[in-house]
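Welcome, and please open the model in your viewer. We will take a short tour, one selection at a time.

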There are 8 protein chains.
Amino acid sequence: MDVRAVLEAVREGRLSVAEASAQLTDLPYRDLDFAKLDHHRRLRTGFGEVVFCPGKTDRQLETIVRAFMQAGQAVLGTRCTVQQADFLAACGIRADFDEVSRTLVVRGETGDSPKLPGSVAICTGGTGDLPVAEEAARTAEFFGLRAERCYDVGIAGLHRLLSRLESIRSARVVIAIAGMEGALAGVLAGLVAAPVIAVPTSVGYGASLNGIAPLLTMLNSCAEGVGVVNIDNGFGAAMLACRMCRALAEEA
Amino acid sequence: MDVRAVLEAVREGRLSVAEASAQLTDLPYRDLDFAKLDHHRRLRTGFGEVVFCPGKTDRQLETIVRAFMQAGQAVLGTRCTVQQADFLAACGIRADFDEVSRTLVVRGETGDSPKLPGSVAICTGGTGDLPVAEEAARTAEFFGLRAERCYDVGIAGLHRLLSRLESIRSARVVIAIAGMEGALAGVLAGLVAAPVIAVPTSVGYGASLNGIAPLLTMLNSCAEGVGVVNIDNGFGAAMLACRMCRALAEEA
Amino acid sequence: MDVRAVLEAVREGRLSVAEASAQLTDLPYRDLDFAKLDHHRRLRTGFGEVVFCPGKTDRQLETIVRAFMQAGQAVLGTRCTVQQADFLAACGIRADFDEVSRTLVVRGETGDSPKLPGSVAICTGGTGDLPVAEEAARTAEFFGLRAERCYDVGIAGLHRLLSRLESIRSARVVIAIAGMEGALAGVLAGLVAAPVIAVPTSVGYGASLNGIAPLLTMLNSCAEGVGVVNIDNGFGAAMLACRMCRALAEEA
Amino acid sequence: MDVRAVLEAVREGRLSVAEASAQLTDLPYRDLDFAKLDHHRRLRTGFGEVVFCPGKTDRQLETIVRAFMQAGQAVLGTRCTVQQADFLAACGIRADFDEVSRTLVVRGETGDSPKLPGSVAICTGGTGDLPVAEEAARTAEFFGLRAERCYDVGIAGLHRLLSRLESIRSARVVIAIAGMEGALAGVLAGLVAAPVIAVPTSVGYGASLNGIAPLLTMLNSCAEGVGVVNIDNGFGAAMLACRMCRALAEEA
Amino acid sequence: MDVRAVLEAVREGRLSVAEASAQLTDLPYRDLDFAKLDHHRRLRTGFGEVVFCPGKTDRQLETIVRAFMQAGQAVLGTRCTVQQADFLAACGIRADFDEVSRTLVVRGETGDSPKLPGSVAICTGGTGDLPVAEEAARTAEFFGLRAERCYDVGIAGLHRLLSRLESIRSARVVIAIAGMEGALAGVLAGLVAAPVIAVPTSVGYGASLNGIAPLLTMLNSCAEGVGVVNIDNGFGAAMLACRMCRALAEEA
Amino acid sequence: MDVRAVLEAVREGRLSVAEASAQLTDLPYRDLDFAKLDHHRRLRTGFGEVVFCPGKTDRQLETIVRAFMQAGQAVLGTRCTVQQADFLAACGIRADFDEVSRTLVVRGETGDSPKLPGSVAICTGGTGDLPVAEEAARTAEFFGLRAERCYDVGIAGLHRLLSRLESIRSARVVIAIAGMEGALAGVLAGLVAAPVIAVPTSVGYGASLNGIAPLLTMLNSCAEGVGVVNIDNGFGAAMLACRMCRALAEEA
Amino acid sequence: MDVRAVLEAVREGRLSVAEASAQLTDLPYRDLDFAKLDHHRRLRTGFGEVVFCPGKTDRQLETIVRAFMQAGQAVLGTRCTVQQADFLAACGIRADFDEVSRTLVVRGETGDSPKLPGSVAICTGGTGDLPVAEEAARTAEFFGLRAERCYDVGIAGLHRLLSRLESIRSARVVIAIAGMEGALAGVLAGLVAAPVIAVPTSVGYGASLNGIAPLLTMLNSCAEGVGVVNIDNGFGAAMLACRMCRALAEEA
Amino acid sequence: MDVRAVLEAVREGRLSVAEASAQLTDLPYRDLDFAKLDHHRRLRTGFGEVVFCPGKTDRQLETIVRAFMQAGQAVLGTRCTVQQADFLAACGIRADFDEVSRTLVVRGETGDSPKLPGSVAICTGGTGDLPVAEEAARTAEFFGLRAERCYDVGIAGLHRLLSRLESIRSARVVIAIAGMEGALAGVLAGLVAAPVIAVPTSVGYGASLNGIAPLLTMLNSCAEGVGVVNIDNGFGAAMLACRMCRALAEEA
């Protein structure tokens, strides 16, 4: 029952002032809740839910996944281990698990997510960045955003990047994923007009400081137009790309 | 002379193979250059140019500004000191200098930038973040993007933020600017559906480590949809917002 | 008009459902606002307001102080410079400015704050910590909490600390302020039963890293019962002590 | 024999000056010792003892636990492994071991701890913070302080926090536990009047730097009234809460 | 077909302007590509290829190695595990695997690399630096550069270093490898006239911070003439030495 | 009156038990105090007092210095500014101020300190370390320890160090002072048999991180026998040397 | 043959100038070597040798140990694993292995080391510091220095430390070993007159940063007279203590 | 007198064994000294001397410069202030002072340095890196190495770099100077075959951490062949380049 329904009931005498007051005291939060759900619904309902798997027991994971399945919703699980995936399979849950990206997708009854306009180009510096890139790509696809994969275009061999440029420029958003020196994001931002989402990765050793080095590189990007997310956070980069492309739909 | 013109000249015997070869050897770079100019033109031509003032002598600054003026272009100067602004004024250059944001705008002959679709909501945690916020706002406005200012809505008094929420939600992009604990970006990303650009500021003392603390907070944002720029980089945040909103125009 | 009044008006037909709905949509925030004000009133009304002076222009500071004066409220200004204090004096505002702690107090019409139960012992490791300690002491006193000063009882001369122990033990809360190695907090927590609020200071050089060294020391305190605030944050330590002692009043 | 008794014995010739001198030289330390015991007795005797399990061999742990059992005292073991708990069980020691919090409680003959006045609200940002929260909750309960659990109220979904606010506000002390961005403590301190004890956790990855990021966030809290303990230190937070609430009893 | 060939074809009417234009549009990148290959050929063709083994599956590694073998090229694998080496052996690939340096060499059909002029002296501070030193030595040798090994000449026993000085001075380049305090590079640069390549290693504990300490030492070298590479990067040091010595050949 | 004297007075009836008790209650601390004084007396009485000048007002400094002068004691002031020294001179206090080391010595009536056995060799890497070295030298001399100055013997020119070795080896303790790479301490510890006290200095730039780099170098010294003090802490190094040499006197 | 012997042989015609020159060219280093041996002999010959076990294969370790045994020398192995100790035992080498300190001692034919004058007091903050303390104690004893163990005297229970003070004060050197906050060294330096060697340990969690926190604490010690060694470096602390006490013997 | 001369004198009875022994004891160091001088002479004599000006008083600087002038040698002063340069001019010393690079050159009587073979290409990312670049360029030229300046070729506008590539490739050594993200070095190393010397600069703000960000970027360079020097160390980069090119001369 929303605010108007409560008010109608009061006016019509179907609800006492005391009862209505009690409901309304709680309403702001439910309202806020609904407001949250409202903008979340656009992300979630239809789009499916996201479950961060680490630190969850097999049984907890199963419970959460089943809950969404019963609601007919699709589920995306991130950073899922092989063991967790195997457990769900053993429980009879049909899921599409990808070992490289460690993502797990359970389709909902209502079919795939509605398509978002535009597309995201996902570029990586090296092959070691693949797991992060695939986490981003599969997250984007789960939410209906087309992902263009441009892997291994690091700046040590600039010609590889330049030869893919046309394809990268056709995307509405670019995700640049790189470890070690992490210069890919800045180079890309100097070559394309779209916003660039930079993902530093923990690929490297020694002075890469588990991803701190490429993180700093990306934050100091000389070319403007770069927004940075946490180290190895392919999921977060994809979600930011989805937010950007959803705005395209609203505008059109 | 572009590639086709060279080829025509060769076919027609007006150009020897040797001369053509020499021209074409150089062409890729000029081509690339034009490609660069092409996507830059959308940012710059019409939009005006940006000059980062620190480290430039008064005379250098004057030379650069005059060069753009002669080309009829508008100029945006960032991190400009009062001394630099005074010098330009003394040189007879008419500029709009804003002391808070330390930005300086010289209008071009061709009038203001064409308007970008959408708008950006610029939110700050405290009054100390004002210079960074105004740098962002004036940069956005310089490039034709409407800026909605929502200052002093830090999370220590959550009701201030909530009371501005409707206005913030109406923007296509949100810039969250905060020093000290820097939690504003994450709170906003949990409340709005638009992409959030987070700007940590060096406001604070002690364990704020000149902005490192809010930078880390923003990178670790629990709510997805946050892209972070360098500490105090209001200009960069606005440019990223402009890139996002320009895509809206393209799509429509 | 609160929720019940709105509902009564609806039931009695004095208010349409549409109008009521509009008012109620806004209510949560105002409610929340009043809730905020409610618990803030206990801190502020009667207690006076606090103004963080850095980054404010002389004129801004004057405006803020006058606003509270017109409301009859006392004001505490922290980190106030001599120049700011002089300016206020030149404006004809009577204030008690203390150069050591850089605090400025303007008395309100309604007299001093009501006394809080208990007292706080403010201990420092060395004489260099005095500004931070006095900021804490004057903040506590401004909010009605008696401050017992135990300065220069650092652990390099343990006998000085032990000779003051009885006096320290009689306080309900202890604030331990120290730079350099910052061991005072842990030593105190091992000697008293009261909660210990630790304030690292930036006093020191080299490996003290502007207060990071004592900050880490205090966070790693072997003795339990220590809560740490930001470097040089005497104000924050006093506010935490006031929160603790206010609870005593509520309980009794 | 106290100072006066020694002096009487000297005056009466029952004790030589040399013997008396020897006893008095030692006295301060024993005095101090008793003083220590005196304020420790309030924590320990009746309240039971605390044993930090890591780094102790199974046999050492058994010996320590048995020593307290023979003294009729209850024991709280923290950071106890399953292996250590199993070993104690195999030794015939009846203990209540909790796997989540890794705490182990052996009841004493004299029954539970006397109740402390007030209660502590223990709030967490996410489910990953549970082990730290339960360590805090079980420590508080072991020492007679009622713990109100408010889990998973992180700021990414602010409505969850707001819906629990009344319950949180009824506590005398609030413990805010959060990893990643760690903004929960500051948000809570802006919403409640009680002192807030902040516990950063090592939950997160990349730029969370094993808990350094939320630690810095909490130290830079814009809202005053926050005291911070070490990363993952649920035990320490609970002990600080107990110290605060014990003061309530004294005052009353 | 290169630029000239295209032009000739156009002049002779064998190629239309449109077709030629299409080919030339792509040419820059291929040109650049060839340029890359051109200077890479000098490193690779004849010299063999380098494969960074970590993060590659056994099967991926086999595929890569076989590809180069089929091209008749030699291959150098770095940071190869015993398991990876065993797998390749089990696949029937004949390789020279060195457990200390974790390098794996597959000879090409065309024999060893052509010799580079000069030689590199590879010095280590202690025996713990051996794996890094051998990675450098075997990389240098793979690319035809003679490596003079001077191990265990750390500065704690300066006489050991001085007794090897003549031999070190006869090399064209010196690689100084050291962990812990990392002073070897600076001492050597003060004793020889050749360029010194410094490699910090992660050998050490505590305040060596996994190699950060010797890294900083080497960057701050009082003696000029030192260039530093990443922690434990023996391969990179050798490649830099090879670049230096290759220049000798060009000059002569 | 010490413990024995009190006891004698009690036994002889010259002091009542109550009066004696009062005196003895205070005695532990005074005892502890005297114990402190006892070992301090050897440092201070006769040796003179040390005053850390920074953060003290001119007037405070004058008061402290006069207090010691009235007690006939010599005073050593460290990190004294030219302004402070000038002020004292203007007050008519005769002091020996050294601008390089920023130390100020006021002679006591009782003449110079008694000589300590042995001597300390004070070695520096470069001329920039002079202020720290002279602070150490003048502190040592103030306390009666002979200082052998061996400046500018950094490892970039090893022969300079080796040529002074005999003189360095004749000292009982060696102080090694160096900035930038800070390798001097480790090299010296490998060449002499005496304990080496290492003082990192903030001389340098960039990656010297204001002295953190040489600090880490010294802590990681491969040669054993090195104890490190804070950055730029020449005074502390000298005091540690004095403690070491005083033990020689006790032993003999 | 030393320099004089060579010269005699030349003068007597038993050695040609060429042969003598060859020998003498090498001599400086051997001289330097002997010089090294000379001051090392006092440490080593008779004292036995020290072997740092980590990173050495079982076979390498056996070879090194046997080499010293054949020379009749005693050997001290540090950071020796149980596996390494077992391997040596299986090889028939009789050694005294201590699991706590991970030290291994093989007695030489010539009996124990000659006693050094004085003694070292080895104090620890907690029981977790035991391995480091025992490494120090057994190293000291191996080199003939008596070690007084004062364990578990951390500052959280100051009375424990004070009750051991007399015993600690009787030592010529004090080693203070502590993790977490690491305040023990500074407290001790304020209570004793002897030089204090501070050893930070990696005992702790979270903000102890694997020993960086106590390291900084110790470097910032307010009490003068503290020299710090690397984290967990019990061996290094003992060697520094031995250097100090050896000087006592020389002086006497 | 060298070793052989001493021996001849002994054999011929012109020198006693005792006198010869004394001379020979000293010889190694003098030998070493000469050896040092020998390889230093190649750098210095003819090449002139280098004086690091910071921290030197005007008078000290004058003395040093005059000493070299009297020896007929040229002098290069680095990081010289305008004040220092003015002082020298006022003393009548004719010097070529360059304000941008803060270098000062005094020509020697013997004319310029002999030319080194090859040349160094000095590339910068932005105009802010100019002072560092000019320090490098003027140092190289002082030592006879031709410097090719390629300024403002940062990766944000890749076409600028590519258009200068031919010129850069013609150099024997490349110096890459960049602040902020510092990606220039890695990009260059992927495009040229020569060794690349990377100089991070402190140009930037916020997360550039005064040059730490580009320093890390350069150390993590994906392209091999990069050696890094300290932040802002243009002088050191040039000296390393000179060492490399001198080897070319030796080889030829």
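Which residues point one way from β8(D), and which the other way? Select strand β8, residues 196–200 of chain D, and show the side chains. Keep in mind as you look that this is a predicted model. D:V196, D:A198 and D:P200 lie on one side of β8(D), while D:I197 and D:V199 point the other way. In a regular strand, side chains alternate between the two faces of the sheet. Are these residues of β8(D) buried or exposed? Both groups are buried, and the strand is mostly covered, with 5 of its 5 residues buried.

For one of the partners, click on D:I177, whose bridge partner in β8(D) is D:V199. Now follow the chain out of β7(D): the path goes through helix α8 (residues 184–191) of chain D to reach β8(D), a right-handed β-α-β crossover.

Then turn to strand β9, residues 226–228 of chain D. This strand runs parallel to β8(D), and 3 bridges join the two. Here D:I197 stands opposite D:G227.

Finally, zoom out and show chain C beside chain D. A rotation of 180° with 0.2 Å of shift along its axis superposes chain D on chain C, with an RMSD of 0.2 Å. The two copies are therefore related as by a two-fold rotation axis. Color the contact residues too: 100% of those of chain D recur in chain C, so the same surface serves both copies.

Conventions. Residues are numbered from 1 along each chain as its sequence is written. Chains are lettered from A and ligands numbered from 1 in the order in which they are written. This is a predicted model: local features need pLDDT of at least 70, side-chain atom pairs count only at pLDDT 80 or more; totals for chains, interfaces and linings use all residues. Side-chain values use heavy atoms; hydrogens and water are left out. Copies are superposed by least squares on the C-alpha atoms of residues with pLDDT of at least 70 in both. Contact means heavy atoms within 4.5 Å. Buried means under 20% relative accessible area, exposed over 50%, partly exposed in between (1.4 Å probe, protein chains only). Helices (H or I, at least four residues) and strands (E, at least two) are DSSP runs, numbered from the N terminus. Two strands pair if DSSP finds at least two bridges between them. A crossover is right-handed if, with the strands pointing away from the viewer, the path from the first strand over the helix to the second runs clockwise.
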